[in-house]
Amino acid sequence: MADTVAWVARATKIRFEAGFMATSTGEDQLSVGIGGDIPVFPPFLVVTLPLIGLFFKAILPRCPVLPTALDTKTVRASTFVVSFITFVLVVKNTELALADVGTSADFAAVSSVATTGVFAYTRNPIYTAGMTVLNTGIIVAGNSLYVAFAVSLLVFYLTLIVVPVEEAFLSNRIGSSYIQYIESSVPRYLPNTFLWAVGVLLAIHLVEFAVKFKDFRAGKIGEGGMLKHFLMTFVWGIVYWKPLEAEETMKEKMKKKKKK
């Protein structure tokens, strides 16, 4: 685990030392930085987004995510520690799988696709663990829907910018073997059964939101309570809708490309 933490720290340090502007890379590697293929190194957002959430927590009405009985330092700290350790283990196993094909997770040069180990269950193990496990630990530790709202923006960034760029790059670079991997049963993030379960929760919360909105207009619920329900609905929405939508869009593109 210490090696993995050191690797993450080293990769982040290199990005800071190189600055935020992208540098030119070969055709076998994506460029990272402003003006590059990946405009922002994802770990930067993992650090900055929770801080933004905590800032809004300090200046806006209180919107906790935990019931009072669970709002203790022990629960919050232990949840974060467990989620962080789990995330680090996923990173470690991802690095091992990528090393087998001669590359690494730090947007290094790539020549073949990894399909074994954690990649047999998800095409993006680190992103998946970050958006689910690590973000859960951060949200519980911060105990605020503002933090939940802020870190959920990582789903937008990864799903709409980073992953599509990576998939297009790997499709062109590796070719048919990667396209077959995309078209296999291995999901982009999580199995569709999980996404549909989250979808049910979203549907339930949408109904609750509509009811609460009526109460808000009738003066039965304050602005803080209404804001809480709005943020929760938004968070559930992007956690469910964007990954599912992106997965379907990518499969359609692959089908069209195959027909041509």
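**Exercise 1. Work out how Glu167 and Arg188 pair up, and where each one sits.**

Solution. Start with the contact: the side chains of Glu167 and Arg188 form a salt bridge, 2.6 Å from N to O. (Helices are DSSP runs of H or I, at least four residues, and strands are runs of E, at least two, numbered from the N terminus.) Finally, check burial: Glu167 counts as buried because its relative accessibility is 1%, and Arg188 is buried at 2%. (Buried means under 20% relative accessible area, exposed over 50%, partly exposed in between, with a 1.4 Å probe and protein chains only.)

A quick note on the model: it's predicted, with local features needing pLDDT of at least 70 and side-chain atom pairs 80 or more, while totals for chains, interfaces and linings use all residues. Residues are numbered from 1 along each chain as its sequence is written, and side-chain values use heavy atoms, leaving out hydrogens and water.

**Exercise 2. Find what else Glu167 bridges to.**

Solution. Look at Arg123: its salt bridge with Glu167 has the closest N and O atoms 3.1 Å apart. Arg123 sits in the loop between α3 (73-99) and α4 (125-142), 44 residues from Glu167. Both are buried. Put together, Arg123, Glu167 and Arg188 are linked in a salt-bridge network.

**Exercise 3. Describe the bridge between Arg76 and Asp71.**

Solution. The closest N and O atoms are 3.2 Å apart. Arg76 is partly exposed at 22%, and Asp71 is partly exposed at 25%.

Notes:
A salt bridge is a side-chain nitrogen of Lys or Arg within 4 Å of a carboxyl oxygen of Asp or Glu.
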